[in-house]
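This report goes through one protein model.

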Amino acid sequence: MAFEGLTSRLQNVFGKLKGKGKVTEEDVNEAMREVRLALLEADVNFKVVKQFISTVKEKAVGQEVMKSFTPAMVIIDIVNKELTELMGGTQSKLEKSNRPPTVIMMVGLQGAGKTTTTGKLAKLLQKQNHKPLLVAGDIYRPAAIKQLQTLGEQLKVPVFSLGDQVSPVEIARQGIELAKKDHHDYVLIDTAGRLHIDENLMDELKQIRETVKPDEILLVVDSMTGQDAVNVAESFHAQMELTGVVLTKLDGDTRGGAAISVKAVTGCPIKFAAMGEKLDALEPFHPERMASRILGMGDMLTLIEKAQSSIDEDKAKELERKMRKAEFTFEDFLEQMEQVKKLGPLDQIMDMMPGMGKMKGMKNLNVDDKQMARVVAIVKSMTTEEKQHPEILNASRRKRLAAGSGTSIQEVNRLIKQFDEMKKMMKQFSGMMNNKQMKKKMK
Ligand code: GDP
């Protein structure tokens, strides 16, 4: 899970501060020493850490934190703001050309996730009612063209290819001509990667750049490689004048060093973050939301946006009504599992909910497809009365359900427990959705 280590360490540091009525300068220094260690352990660039700690200390003293009634909160607020600044301050949006198509060149080392990200970006653009064209310019990696074509088929986005015998410069040039002719407003050019940065690669990329004059050159880097990713970004930026970075595999990056340092070190903004292998696992990068996630304060805005784009509103309203009236049944549970699944992996959803990380039992709530099928089987074995009044499910009824669904008593027990937990979670979620302040923020 993203930032797991860093978040829990920072929460510890701030927890200690919160426990104190008064905070002395020595307490602040001690806390900053621990924050420094936590950041270094998260593989944040050491120069960035040094600068960060000194800025936070300066502001903390300047704000007369020690005299405030809630010194810990003031310090957390300062850390939050500085972390946001470090990652770019505000969201850096994708450029849009006045004379379509907008041309986006995707670059990066092999294995970083460039081709997958190209597909994900096409999907994101498609959702915004754009009409992207994909151009298969990676003629060296044997399966790259086929991979892009498969992605294109899944998304119903056309892919322009001239096979692997024509130069990528020519492919890119013809791709853009086709885009103009067919009225595509975005062209995403997938380019070749290498295992390491080498001159041939850079020369070829520069030639493509000179020919197509892209509006965006996005570098895709694997955030799991930490400072290596930052170094790669620095080298690419020096040669290619990147317009943005896309961080991939944030779902597997427990440390977070690349996300925190890449902008500070290279000056190049992070525009997107990818958090999974599926095509909808790409999000625009919002520094302030990311800071909030790192500090364990959740990211309700992203969660609500996801909910709005993937959940059926009428169904959600009906469910919320049931929730409030405590009419939530096992049938609703099934329905809800389906809906929640659309939001993405559950552990990521939990990360976005403030305070959820602490609800340990929730971590076992899994909604993968196989398990889903077993859950459906168990629920289908229930009588209507059992579905609506799960409290009557005693030992003998549970035994019957296990036999009827071809599962085990343990599984039935687990499901009933999950049902109760889902009820709790949804109550909290619907409470948050109704939070007036939150609604105002969304406007
Ligand atoms: P390329 O060589 O840069 O074009 O890399 P690919 O697009 O082929 O991706 C390499 C591998 O990384 C594939 O197995 C992808 O499924 C995987 N991948 C890409 N992005 C992500 C991500 O955000 N999270 C995870 N977990 N895997 C990813």
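## Terms and model

A residue is buried if 20 or more other C-beta atoms lie within 10 Å of its own, exposed if 12 or fewer, and partly exposed in between; C-beta atoms are placed from the backbone. The model is predicted: local features need pLDDT of at least 70, side-chain atom pairs count only at pLDDT 80 or more, and totals for chains, interfaces and linings use all residues. Residue numbers start from 1 along each chain as its sequence is written.

## Overall make-up

The protein has 20 helices and eight strands. Both are DSSP runs, numbered from the N terminus: helices are H or I with at least four residues, strands are E with at least two. Of the 443 residues, 40% are buried.

Two residues are in contact if their C-beta atoms, placed from the backbone, lie within 7 Å. Among contacts with a separation of 6 or more, 75% join residues 24 or more positions apart.

## Ala402 in helix H18

Ala402 sits in helix H18 (residues 395-405). Is Ala402 buried or partly exposed? Ala402 is partly exposed, because 18 other C-beta atoms lie within 10 Å.

Leaving out residues up to four places away in sequence, Ala402 touches Thr407, Ser408, Ile409, Glu411 and Val412. Ser381 is 21 residues from Ala402 along the chain, and their C-alpha atoms are separated by 8.5 Å.

## Helices H9 and H10

Two packed helices are described by the angle between their axes and the distance between the axes. Axes are lines fitted to C-alpha atoms, for helices over the stretch in contact, and angles run from 0 to 180 degrees between N-to-C directions. The axes of helix H9 (residues 227-240) and helix H10 (residues 257-266) come within 9 Å and cross at roughly 30°. H9 is therefore roughly parallel to H10. Angles under 35 degrees count as roughly parallel, over 145 as roughly antiparallel, 65 to 115 as roughly perpendicular and the rest as oblique.

The crossing of H9 and H10 is right-handed. That term applies if the near helix is turned clockwise from the far one by less than a right angle; anticlockwise gives left-handed. From H9, Gln227, Ala229, Val230, Ala233, Glu234 and His237 meet Gly257, Ala258, Ser261, Val262, Val265 and Thr266 in H10. This contact of H9 with H10 holds six nonpolar, five polar and one charged residues. Ala, Val, Leu, Ile, Met, Phe, Trp, Tyr, Cys and Pro count as nonpolar, Asp, Glu, Lys and Arg as charged, and the others, Gly among them, as polar.

## Ser261 in helix H10

Ser261 lies in helix H10. Ser261 counts as buried because it has 27 C-beta neighbours inside 10 Å. Not counting residues up to four places away in sequence, Ser261 touches Val44, Asn45, Val48 and Val230. Ile189 is 72 residues from Ser261 in sequence, and 27 Å away in space, C-alpha to C-alpha.

## Helices H4 and H11

The axes of helix H4 (residues 71-86) and helix H11 (residues 287-294) come within 8 Å and cross at roughly 130°. So H4 is oblique to H11. Their crossing is right-handed.

H4 contributes Asn80, Leu83 and Thr84 to the contact; H11 contributes Pro287, Glu288, Ala291, Ser292 and Ile294. By class, the contact of H4 with H11 has four nonpolar, three polar and one charged residues.

## Ligand shell

A residue is near a molecule or strand if its C-beta atom, placed from the backbone, lies within 6 Å of it. There are 18 residues around the ligand, and Gly113, Lys114, Thr115, Thr116 and Ala274 come nearest. Helix H5 (residues 114-127) supplies the largest share of the shell, three residues. The shell divides into four nonpolar, ten polar and four charged residues.
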